[in-house]
Amino acid sequence: MRNERLKKDAAGYTDQNLHAPGFGAAPRSLPIQWKWMAASLLLSTLVLLLIGGLTLWSFKRYALGQVEKSLTAQAALAEDLFRDPLLSGDEEVVDPIADRLGQEIHARLTLLRADGTVAGDSYESGADLRKMENHLHRPEVEAALARGTGSSIRFSETVQMEMFYLARRIQSGGETIGVVRLALPLSDISTQMIQMRHFLLVALGIAFLGALLLSYLLSKRLAAPLLQMTEAAQTIARGDFHHRIRIRSGDEMEALGEALNRMADDLQRKIQDLSDDRAKTLAILSGMVEGVLVLDDKGKIVLTNASFERMFVLSGDTWIGRYHYERLRHYPLNALIEEVIQSGKPLSREIQLEIPPRPHLQVQASVTERTPRSVVLVFHDITEIKRLERMRKDFVANVSHELRTPLAAIKGYLETLADGGLENPTEAQEFLTILQKHTDRMANIVRDLLQLSRIESGLDPIRPVPIDLREAVDRNLLLLKPLAEKREQTLAVSVPPGLSLQADPEKLNQVLINLVDNAIKYTPERGTIAVTASEGADRVVIEVRDSGIGIPKEDLGRIFERFYRVDRTRSRELGGTGLGLSIVKHIVEAHGGKITAESEIGKGSRFFLFFPKQPGV
Ligand code: ADP
């Protein structure tokens, strides 16, 4: 459970706080293993190509070196051989020797005079020989004339192929008399080169395949820990902090893995702390009786608690992230929020909601110090305080009003008596009776008020004892019987014998007397008053019914209020204080019971008392 919450929190934190690109997502580009493999393959291919190229190049150099070596040796021989014939200058002598020698050494042999004209050639003879152009400016010839020997590789137009030329100066008595030039077609070397290339291609191909396999294995081995770490990081990012990386490579990868593990530990601890803090805050918020509303500095709703949602009848969580005026359609409250956002100063105000039961709320709004700033509003439900305040005001007004009339009367009559009213004894007697009546009334009011306040303040606690209800009803009715008889009313009792009730005897008497007295007062002569009782599973119901004047529907709900009377004058005439039913209600409720009334004008009223069998339940 705790783990689940942690995961949820972690997901929230990573969602909100870890906006790292690609964090927790699958890599979009090529996997690193393939990248490494491609890089190492590229490198091996380059190395292989370099090796191949170098081999080919050095092979060619070696082959050419060999050719040069043998041609140099042959040219040295030819020098000696041609010195004398060349001195004769007769091409008829020189050319046949050139032809023969050329054949023997399998190379073209050209003999030049010192001026560059051809004296003999193993490929040409006769007229063709004489037509041959001057060779003085052939690079190998120029080099040979200058340094003794010279070589060059060129394409020969005469034989239509690539040739290796080597020329050697022929000297006699310290003087250059001609140049012998040997030419060998490079087709042999080319054939060998082609063979060499084939061989190299196969060898390098095999090496490439080897490199391919090796780079695959190597990159796989290298990428494995990285892959493991990526997976672990993703798992941790998803909120599974128990996941750990195990790499035993002994290098930086292992160090990185351990660093990641430590990071996961830290993260787990931090998220756990945050999650605990959050849980505590939420628990406090949801346990608060006060409503809490938190907004950001733009007026968007960030947080609410259960009490707030109850007060404003909000359900779901669609208001989170919305502006306060979108969801809270209460102009004074929205104005207050705007004022606090603008001024940044705390404010306190009373508001009343339109939503039933139209509670009165005391709003305390403040702005947090930390940036980004938040506006915190705390709503105290002061409906009950307001009601009590109103009741207290009404009560004071009622008491003053109730006492003012008898006091004014008493004062008036006393003044009359003092101003000579005593001179007429009959009149004085009459005044005294009136004075007594008003004093009694005041005394009654004060008595009832005292009684009420004693019950309310708990100074007069309920002491329940088992009571035989029938006996109690009979006893109390006996007291009221003379009153009923005077009005020729019928008093009927229907209480099952032995019906027992847990109640405070004195208070139960008060209740019964009050109700039956009211029934007698508000029932015309010859009417009927009945007291019945029945027993339920867990309660006893007492009903006081009369066939009297009844109570209008609109007043029925208020007759239990202090000083509330349907007909003020009538009640006063009958000696009522308007506090009787209020006292009755308090007593019944102090027993854990309930009182209700039904009535129909002109037909009569019914008062039902519900007493629990176990008082205080
Ligand atoms: P009061 O001292 O005026 O009788 P109560 O608190 O006992 O004060 O009763 C409040 C009012 O309820 C009375 O003034 C009367 O108008 C009305 N009332 C109470 N009992 C009855 C009844 N049995 N029949 C008709 N009206 C009644």
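An open sheet of five strands shows mixed pairing and the order β12-β14-β15-β17-β16; strands here are DSSP runs of E with at least two residues, helices are runs of H or I with at least four, both numbered from the N terminus, and two strands pair if DSSP finds at least two bridges between them. Its edges are formed by β12 (490-494) and β16 (594-600), each of which has a single partner strand, so one side of each lacks a neighbour in the sheet. From one strand to the next the twist averages 10°, where axes are lines fitted to C-alpha atoms, for helices over the stretch in contact, and angles between N-to-C directions run from 0 to 180 degrees. The antiparallel strands β16 and β17 (residues 604-612) are joined by seven bridges, and Lys-594 stands opposite Phe-610 in β17. Helix α13 (residues 469-486) touches β12, β14 (528-535) and β15 (539-546), and its direction makes about 180° with that of β12. Helix α14 (residues 505-521) touches β12, β14, β15, β16 and β17, its direction making about 25° with that of β15.

The structure is a predicted model, in which local features require pLDDT of at least 70 and side-chain atom pairs count only at pLDDT 80 or more, whereas totals for chains, interfaces and linings use all residues. Residues are numbered from 1 along each chain as its sequence is written, and side-chain values use heavy atoms, with hydrogens and water left out.

A second open sheet, also of five strands, has antiparallel pairing and the order β2-β1-β5-β4-β3. Strands β2 (118-121) and β3 (149-156) stand at its edges with a single partner strand each, so one side of each is left without a neighbour in the sheet. The twist averages 20° from one strand to the next. Ten bridges connect β4 (residues 161-172) and β5 (residues 175-185) in the antiparallel sense, with Ile-170 opposite Gly-178 in β5. Helix α2 (residues 32-88) packs on the sheet, touching β1 (108-113), β2, β3, β4 and β5, and its direction makes about 40° with that of β4. Helix α5 (residues 139-147) also packs there, in contact with β1, β3, β4 and β5 and with its direction at about 175° to that of β3.

Eight aromatic pairs are present; rings of Phe, Tyr and Trp (its six-membered ring) pair if their centres lie within 6.5 Å, and planes under 30 degrees apart count as stacked, over 60 as edge-to-face and the rest as tilted. Phe-308 and Phe-312 are stacked, because their ring centres are 4.5 Å apart and their planes lie at 25°. Together with Phe-379, these two residues form one aromatic cluster. Tyr-413 and Phe-431 form a tilted pair, with 5.1 Å centre to centre and 55° between the planes. Tyr-413 belongs to helix α11 (residues 383-418) and Phe-431 to helix α12 (residues 425-457), so the pair ties together parts 18 residues apart in sequence.

Overall, the chain has 17 helices and 17 strands. Its radius of gyration, taken over C-alpha atoms, is 63 Å, whereas a compact globule of 617 residues would have a value near 25 Å by the rule of 2.2 Å times the number of residues to the power 0.38. The C-alpha trace spans about 200 × 60 × 45 Å along its principal axes.

Definitions and conventions:
Contact means heavy atoms within 4.5 Å.
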